[in-house]
Amino acid sequence: MQPPSPSGAPSPAGVNMADLKEARVPDIGHADVPVIEVLVKVGDRVEKEQSLITLESDKATMEVPSPFAGVVKEMKLKVGDEVSEGAVIALIEADGAAVSPSPSPVSGEGRGEGAQAPSNSPAPAPAPAPAQPTPAPVAGQGVQPGIAPEGDVAPQVRPPVDARVVMPGDAPYASPAIRAFARELGVDIQQVKGSGRGGRIQRDDVSAYVKHALASGARPSTGASASVGGLSLLPWPKVDFAKFGEIEEKPLTRIQKISGANLARNWAMIPHVTQHEDADITEMEAFRKQLGAENKDLKISPLVFQIKAVVAALKAFPQFNASLDESGEKLILKKYFHIGIAVDTPDGLVVPVIRDCDKKGLLDLARELGEISKKARDKKLGPAEMSGGCFSISSLGGIGGTYFTPIVNAPEVAILGVSKSAVKPVWNGKEFAPRTMLPLSLSYDHRVIDGALAARFASFLANQLGDIRRLLL
Ligand code: CAO
């Protein structure tokens, strides 16, 4: 820790001590606060209120501004020093006339980007003491650092900065210099994940965020108007839910965060249309039950029939077994048939891929489906087992519901949603007959697939499922 320096520090070469002024740490409300950044160097010209150093207490980061303009002649602090009120930061050859010797108030930044360092010169007029203690800031609102909770009475002695006011608990943890850097790049600091000690956001984190945003085709979120692939969206509403009743916070799982980001991108960037269809699976169900009775050690899910039907449909409509290349100008047609299966796990949705489904029989697929679903739920799937899919199936048939709108799993161009089958009266030309009907929901990327093609694909799929002989061909 550096003790407060007595005035009359040794003179830097060639400088008249009479012109040198000490820039000191003001009352920061804490002792022994580490210096985490030195923002100026010897020879730099600084303006009044320009930040000299950044301090970081366990509750806040604060910049200490220069109380006067001039040229830095000597730095008295370095990163890692611990300082308290009165410590000399630098000797500055001040411009012209005499300046106020009082330490300048620190500039801390909270969530509000409009937070500003109040001026210490000319001396502020005494502020009336509020009747009540200063209320905590509402999330999302700018806060004014240096606000005097008890009344700012003496121009020479500023009240301590309350770190909780300057830096509300849920505000991102970043120095003002890093915030300024993020602002310069148009990045909403709230979106950046900090990799520093205690989650502090560093310069590299901001750069990495920008790189990632550019690589994924999205423009960095500015907070004021998040821009994704050219869409200008309103910022997400900030609501203090606790104001309306009791709440509990539950962090999202890693899987939820990853799949959420992917789903949001796919939903925002792919023009989705969902085509609905019903398949008569009466015969298929009878056959499935028979197969199950013959293979008691194996669970023969309706899904394996759906996989076979999808493969047949992909062969008949190759445009569905495709991906747009990154430029969006070329279609890549795949000659293999790897099908992704959405699996619901306690931690969220994962999509393992069954490879070469065209080369596998119903029993092989049943075995593999059992294995990957178990692996998914046991969190044992590796990245390789979740990549390379051509088309995905999301089956909610074991749960219920009639039709839904699955989100295309980019870079695939279509996904089949399967709902719960039900026995329904179906007109056979002479009478209503009880038939087991399976609701299908085919979502597709309208940039690649036309509505007519999608209707043909869905109808083909229903015919495949409706005619077990075709499926087994
Ligand atoms: N209609 C009627 N019954 C169906 C059906 C359908 N379409 N599909 C499955 N069933 C039956 C099964 O035959 C099984 O019956 P039994 O208990 O008599 O054997 C029961 O429903 C439960 O099936 P299941 O869901 O456990 O197994 P599955 O093989 O059909 O599906 C899997 C496996 C991994 C796809 C499924 O467990 C799963 O996770 N589904 C959820 C996928 C999901 O969340 N999608 C949403 C993505 S968007 O958020």
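The legends below describe close-up views of a predicted model.

**View 1. Four strands form an open sheet with antiparallel pairing.** The order of the strands across the sheet is E1-E8-E6-E3. Strand E1 (20-24) and strand E3 (45-46) stand at the edges, and each has a single partner strand, so one side of each is left without a neighbour in the sheet. Strands of a sheet pair through backbone hydrogen bonds, in either a parallel or an antiparallel sense. E3 is joined to strand E6 (residues 70-75) by two bridges, and these two strands run antiparallel. At one of the pairing positions, Arg45 has Val71 of E6 as its bridge partner.

**View 2. The largest nonpolar core has 53 residues.** The members that touch the most other members are Phe305, Phe320, Ile339, Ile341 and Phe391. Helix H6 (residues 302-316) gives the most to this core, with nine residues. In soluble globular proteins, nonpolar side chains tend to be buried together. Which residues does Ile339 touch, leaving aside those up to four places away in sequence? They are Ile307, Val310, Val311, Leu314, Pro352, Val353, Ile354, Cys357, Phe391 and Ile393. Another core, of 22 residues, lies apart from this one, and its members include Val25, Ile28, Val35 and Ala94.

**View 3. Strand E19 (residues 391-395) is largely enclosed by the rest of the structure.** Four of the five residues of E19 are buried, so the strand is described as largely enclosed. Strand E15 (residues 339-341) pairs with E19 in the parallel sense, over three bridges. Within this pairing, Ile341 has Ile393 of E19 as its bridge partner. E19 also pairs with strand E20 (residues 414-418), in the parallel sense and over four bridges. Here Ser395 stands opposite Val418 in E20. In a regular strand, the side chains alternate between the two faces of the sheet.

**View 4. Helix H6 crosses helix H7 (residues 362-377) at roughly 120°.** Two packed helices are described by the angle between their axes and the distance between the axes. The axes of H6 and H7 come within 9 Å. The angle between them makes H6 oblique to H7, and the crossing is right-handed. On the H6 side, the contact is made by Leu303, Val304, Phe305, Ile307 and Lys308. On the H7 side, it is made by Leu362, Leu365, Ala366 and Leu369.

**View 5. Helix H6 packs against helix H8 (residues 451-466) at an angle of about 135°.** The axes of H6 and H8 are 9 Å apart. The angle makes H6 oblique to H8, and the crossing is right-handed. H6 contributes Phe305, Gln306, Ala309, Val310, Ala312, Ala313, Leu314 and Ala316 to the contact. H8 contributes Phe457, Phe460, Leu461, Gln464 and Leu465.

**View 6. Leu362 lies in helix H7.** Is Leu362 buried or exposed? Its relative accessibility is 10%, so Leu362 counts as buried, the cut-off for buried being under 20%. Not counting residues up to four places away in sequence, Leu362 touches Phe287, Leu291, Val304, Phe305, Lys308 and Leu472. Leu362 and Leu472 are 110 residues apart in sequence, and their C-alpha atoms are 8.7 Å apart in space.

Key
Residues are numbered from 1 along each chain as its sequence is written. This is a predicted model: local features need pLDDT of at least 70, side-chain atom pairs count only at pLDDT 80 or more; totals for chains, interfaces and linings use all residues. Side-chain values use heavy atoms; hydrogens and water are left out. Two strands pair if DSSP finds at least two bridges between them. A nonpolar core is a set of buried Ala, Val, Leu, Ile, Met, Phe, Trp, Tyr and Cys residues joined through side-chain atoms within 4.5 Å. Buried means under 20% relative accessible area, exposed over 50%, partly exposed in between (1.4 Å probe, protein chains only). Contact means heavy atoms within 4.5 Å. Axes are lines fitted to C-alpha atoms, for helices over the stretch in contact, and angles run from 0 to 180 degrees between N-to-C directions. Angles under 35 degrees count as roughly parallel, over 145 as roughly antiparallel, 65 to 115 as roughly perpendicular and the rest as oblique. A crossing is left-handed if the near helix is turned anticlockwise from the far one by less than a right angle, and right-handed if clockwise.
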